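Dear colleague,

Please find the structure below, handed over for your use.

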Amino acid sequence: MLQYCLVPLGCQMNLSDSERIRTVLESMGFERTDDESRADLLGIVACSVRQKAIDKVYARIHKWNQWKNRRALLTFISGCILPSDREKLLRRFDLLFTINELPQLPDMIRQYGVVTPLAGVPQQSSGEEGIPPPGIDDQSTGYWHIRPTYSSSFEAYVPIQNGCDKFCTFCAVPYTRGREVSRPSGEILAEVERLVQHGYRSITLLGQNVNSYGQDRNSQEIGFAELLRRIGQLGRRFEEPFWLYFTSPHPHDMSDEVIDVIAEYPCLAKQIHLPLQSGDDRVLIRMNRNYRVSRYHRVVEKIRATIPQATLFTDIIVGFSGETEEQFQNTVAAMRELRFNMAYVAMYSPRPGAASSRWADDVPHEEKRRRLHLLSDVLHETSGRYNRSLLGTRHTVLVEGTDRKPGYLSGRTEGRLIVRFAGDAVIEGSHAEVCITEAAPLSLTGELIGVRRPAAVGGTR
Ligand code: SF4
């Protein structure tokens, strides 16, 4: 049996793409291995966002090409690849394809003379189970028809768009993945329904800019608020509870209607991840973020007024090109006022291909580190205060797995707060009722009260 090993790097979108690549390879008869040294086919789903990820790609292919002296091996690369890197990578890898070209992968592999036992026609999601045919029938949406080989039996990512039209100056995604293309809503709803039927508890809609969903289709597709509403209605038909998340939305496109719909339907999780990036208008302009800090505050006011229990997560970059101390202090002040439950703070590093990579990276590394620590302290203050307010309250927790502490499990509330509690690993993938007994800034500890076992849990395609 021929074996493949796939190495996904980078974000959730790449992980989601990997799940579809797996389906194609396994439909050809390849068997999965995580041991690179045993694989006949080695692939990377690359990330061009950070230099570290790019370095990993070159280190890996250097090693793999050395192995080729000893045995037959085929290598491929897909994912986020800058147009300017394509030629360099093609000299090192046997195959390079964009995710849109995934349906052609079996032909590409066969052109290398690789004989596989199966035909390599991936399962199609259209035409089965009453799923309506996709709204768009062009090549660019072809890979979404392929059912993913999900890596978890209770949480799943569902891509709803590919590419981005926003052109933030620090980001290369519009150049690596191209302009925004929305996936037909019929396909998205069918995939979500199938996951719920199979007992999935946590489903995340994925896109670079999820809440501009449908805008590329000139009124031929529903918008993001309507997509959420239809999923909310679907949720009401099922007895088994599930939480539907989405990431990442853009503050510019965050409408009141989206927030109202989240408030209305119980299955739409009361957690919002809304990247702020900076709390200073001049920095936001240089980042080409297309909103002001005051706009962000208005969106958060609306969220807090409409969904008071919602938790708020964000992304922030410190030390962006030209960021002064005064501008950074505006971010500190914004973080204090906005009281995030979680903030993923990154030190700025120029990303090859992004517009800002041509500008001076002029905030010294040590200064970036100081700014990062300062924001972490602010986060700990606000999240710690919030977490302490939960002491003695009961929460439903999705059990994700065992914790580092022996005998303990780890899970997340609907608001995606981490909760640890003593329990048996057999309840992984279930909803547990937990009473909060201890609160730290970024996690909670609790006591297990009861477990709601899933009616049907199992991997699906
Ligand atoms: S919204 Fe900005 S940061 Fe997000 S993918 Fe698009 S260009 Fe990149």
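His-273 has Phe-313 in β12 as its bridge partner. Helices and strands here are DSSP runs numbered from the N terminus, helices being H or I of at least four residues and strands E of at least two. The model is a predicted one, in which local features need pLDDT of at least 70 and side-chain atom pairs count only at pLDDT 80 or more, while totals for chains, interfaces and linings use all residues. Residue numbers start from 1 along each chain, following the sequence as written.

The sheet to which this bridge belongs

β11 and β12 (residues 311–318) are paired in the parallel sense over three bridges; two strands count as paired if DSSP finds at least two bridges between them. The open sheet has three strands, ordered β11-β12-β13, with parallel pairing. Its edges are β11 (271–273) and β13 (342–347), each with a single partner strand, so one side of each is left without a neighbour in the sheet. From one strand to the next, the twist averages 10 degrees. Angles are taken between N-to-C directions and run from 0 to 180 degrees, with axes fitted to C-alpha atoms, for helices over the stretch in contact. Helix α12 (residues 365–388) lies across β12 and β13 and runs at about 180 degrees to β13. In the loop between β11 and α9 (281–286) lies Gln-277, a residue other than glycine whose phi is positive, near 70 degrees.

Five bridges join β6 and β9 (residues 202–206) in the parallel sense, and Tyr-157 has Thr-204 in β9 as its bridge partner. A cis peptide bond, with omega of about -10 degrees, joins Thr-247 and Ser-248; Ser-248 is found in the loop between β10 and α8 (256–264).

The ligand

Around the ligand are Cys-164, Lys-166, Phe-167, Cys-168, Cys-171, Val-173, Pro-174, Gln-208, Asn-209 and His-250, taking a residue as near if its C-beta atom, placed from the backbone, lies within 6 Å. This shell divides into six nonpolar, three polar and one charged residue. In this division Ala, Val, Leu, Ile, Met, Phe, Trp, Tyr, Cys and Pro count as nonpolar, Asp, Glu, Lys and Arg as charged, and the others, Gly among them, as polar.

Domains and the whole chain

The protein chain is divided into domain 1 (3–110), domain 2 (131–269) and domain 3 (394–452), with bounds from an automatic or database domain assignment. Seven residues of domain 2 are in contact with four residues of domain 3, contact being C-beta atoms, placed from the backbone, within 7 Å. On the domain 2 side, the touching residues are four nonpolar, two polar and one charged. The centres of domain 2 and domain 3, taken over C-alpha atoms, are separated by 28 Å. The protein chain has 12 helices and 18 strands.

With kind regards

Definitions and conventions
Two residues are in contact if their C-beta atoms, placed from the backbone, lie within 7 Å.
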